[in-house]
Amino acid sequence: MNSKNTVDKPTNFIRNIIDEDLLNGKYNKVITRFPPEPNGYLHIGHAKSICLNFGTALNYDGYCNLRFDDTNPLKEDIEYVNSIKNDVKWLGYNWNEEIKFSSNYFQKFYECALELIKKELAYVCFLSSDETREFRGTLKKPGKDSPYRNSTVQENLNLFKKMKEGEFKEGKCVLRAKIDMKSSFMCMRDPTLYRIRFETHHQTEDDWCIYPMYDFAHCISDAVEGVSHSICTLEFQDNRRIYDWILKNLDEFNKPDRPYQYEFSRLNLEYATTSKRKLKLLVDEKLVSGWDDPRMPTISGLRRRGYTATSIRDFSERVGVSKVNSLTDISILESSIRDDLNTNAPRTMAVIDAVKIVIENYPEDKIELLKAPNHPQNNEMGYREIYFSKEIYIDKADFQEIAPNNKFKRLAINKEVRLRNAYIIKATRIEKNKEGNIKTIFCKYDPETLGRNPTDGRKVKGVIHFVESSRAIQAEFNIYDRLFIDRNPSKFEDISSIINPDSLIIKYGYVEPNLKNAEVEKAYQFEREGYFCRDRSDKSLIFNKTVGLRDTWNQ
RNA sequence: UGGGAUGUCGCCAAGCGGUAAGGCAACGGGUUUUGAUCCCGUCAUUCGCAGGUUCGAAUCCUGCCAUCCCAGCCA
């Protein structure tokens, strides 16, 4: 049986490896890194990786570097480095010392390339990219050696220096590792190490016109930073061979305590996409309002939607870490945010789809101030005052002329219901407009039922929420639903064809007056409706629905 | 017979030769001025399939099957 401490500490294959490495004395400190490429916004999948890398390091009393993997100036942008820094910080993690960039090590990479050339393990190749592809062979057929493969060390040294000096045009040549054109790992068939790009880089500007490839830069960056466990996703499993090959062939890094790469499966979320490319497409095609659209599974989108950093960290822990390709239920994410907000969000009342009630036996010009708890289970969250008068709003869904069955716990004609934090009322009659829609519901209230049940033993089961009409504040509500209609959008190339037309529905209703100056992104529970937070847009009062309350009432 | 990985409850996921943790979901029941929360209970005789080794197998061996990844001068 598990003892208590094995229950709160997550166990996964990476921790098992770390435990063993520490026990064997392979490392004396756990150092990880989170290495995003600044070519897009971070999403929930990255959040899992951040929690894994930062969380694990912290847990073992080590540290994690935030390192921008910026080796391709063509795709990268400073806008993204800023948003990424912001998102990581918001998630609650602090990087060790200053932020790292792969570009910090450009000189180092260059020297490593020189070392490989001198060891006859790298050469400058003038094959065009098409020719290179042909020479590479296929999955089942071995490749052929490049005619430039046997140039002398001196020739290669001169040529590579010329590449660096900008004497060759883009695409004219590349530096390649000399490994094995017959390898069953495609990435070992003399992979490209450096290519020429006359491009201004956001960090190094025009200092370089040759840029290292991921496979060359990543392992060296890890080694330079003293990373112990380099954790990445499954698609890099083959690349681990070149990671190991490079470090083995560089004298400075060929040591027992050099970094090793471990791969885990990336997060896939139901009805969402964690493809950077598709996310960017949604933004570029204006299928959503931006990277921070609350329907986006980006960290900034989730934040705007009302998700908290705590809930995202909790979610990461709940889904765990493994090597299995999976598609995670959205309900796991939802239960994480509900757990957090249930204990931390103050309650308030909002009527999202309003209908008016007139309480016939309530005095004409009277306005009462009633005391309402901000949290039913936590008195420390205090009380607020709410208004009550002859005219109030309730939600249309909380009234039906004739109760459909005896399980119906809402208002109907001749049926009593409790107004949350106020009195019991009974509907007497309704007034409809020309179109046949209900205009007003007339009720009678029982003045003896404020803060207590009827003394004659009547049992009133239903409770509905309301807002007093004269003090109510108008508000706009963004009701969100899943962005895609298919559970697994990754199966679709044309993502625009599976967009949920009802992913955003805008409603206009009323909130309690004390919400007039609600703080942006602060969570509230609108009782019986769900969790909401104020949107950052400065026009009027807009609330985003984070998630609904759990609903076990099946009609 | 290219290679690399993975298959444990509807969805995640522990388990590492001693007789299937946990979470989410679902389903019963109780409390409740939120059909919420909370509480209590139910939920894999079985681990992709078939053989084998063993006193004993999800764990070891063999063979199948299924799914994912790799042929960027992307990461």
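**Notebook: core and helix packing**

I started at Leu175 and, setting aside neighbours within four places in sequence, found it in contact with Ala113, Ile117, Ala122, Tyr123, Val124, Phe160, Met163, Pro191, Thr192, Leu193 and Tyr194. I note that this is a predicted model.

Next I looked up the largest nonpolar core, which has 41 residues. Leu175 is among the members that touch the most others, along with Phe160, Met163, Tyr194, Ile210, Phe216 and Ile220. I then listed the elements that each supply at least two residues of this core: helices H5 (106-118), H7 (153-165), H8 (214-224) and H9 (240-248), and strands E4 (122-125), E5 (174-177), E6 (192-196) and E7 (210-212). H5 gives the most, with 8 residues. I also found a second, separate core of 35 residues, which includes Cys51, Cys64, Leu302 and Tyr307.

I turned to H9. Which of the residues in H9 are buried? I found Ile242, Tyr243, Trp245, Ile246 and Leu247. Among the elements that cover them are H5, E5, H8, strand E8 (229-233) and strand E9 (260-264).

I recorded the crossing as right-handed. On the H8 side I found Asp215, Phe216, His218, Cys219, Ile220, Asp222 and Ala223; these meet Ile242, Tyr243, Ile246 and Leu247 of H9. Sorted by class, the contact has 8 nonpolar, 1 polar and 2 charged residues.

Note on methods. Residues are numbered from 1 along each chain as its sequence is written. Chains are lettered from A and ligands numbered from 1 in the order in which they are written. This is a predicted model: local features need pLDDT of at least 70, side-chain atom pairs count only at pLDDT 80 or more; totals for chains, interfaces and linings use all residues. Side-chain values use heavy atoms; hydrogens and water are left out. A nonpolar core is a set of buried Ala, Val, Leu, Ile, Met, Phe, Trp, Tyr and Cys residues joined through side-chain atoms within 4.5 Å. Buried means under 20% relative accessible area, exposed over 50%, partly exposed in between (1.4 Å probe, protein chains only). Helices (H or I, at least four residues) and strands (E, at least two) are DSSP runs, numbered from the N terminus. Contact means heavy atoms within 4.5 Å. A crossing is left-handed if the near helix is turned anticlockwise from the far one by less than a right angle, and right-handed if clockwise. Ala, Val, Leu, Ile, Met, Phe, Trp, Tyr, Cys and Pro count as nonpolar, Asp, Glu, Lys and Arg as charged, and the others, Gly among them, as polar.
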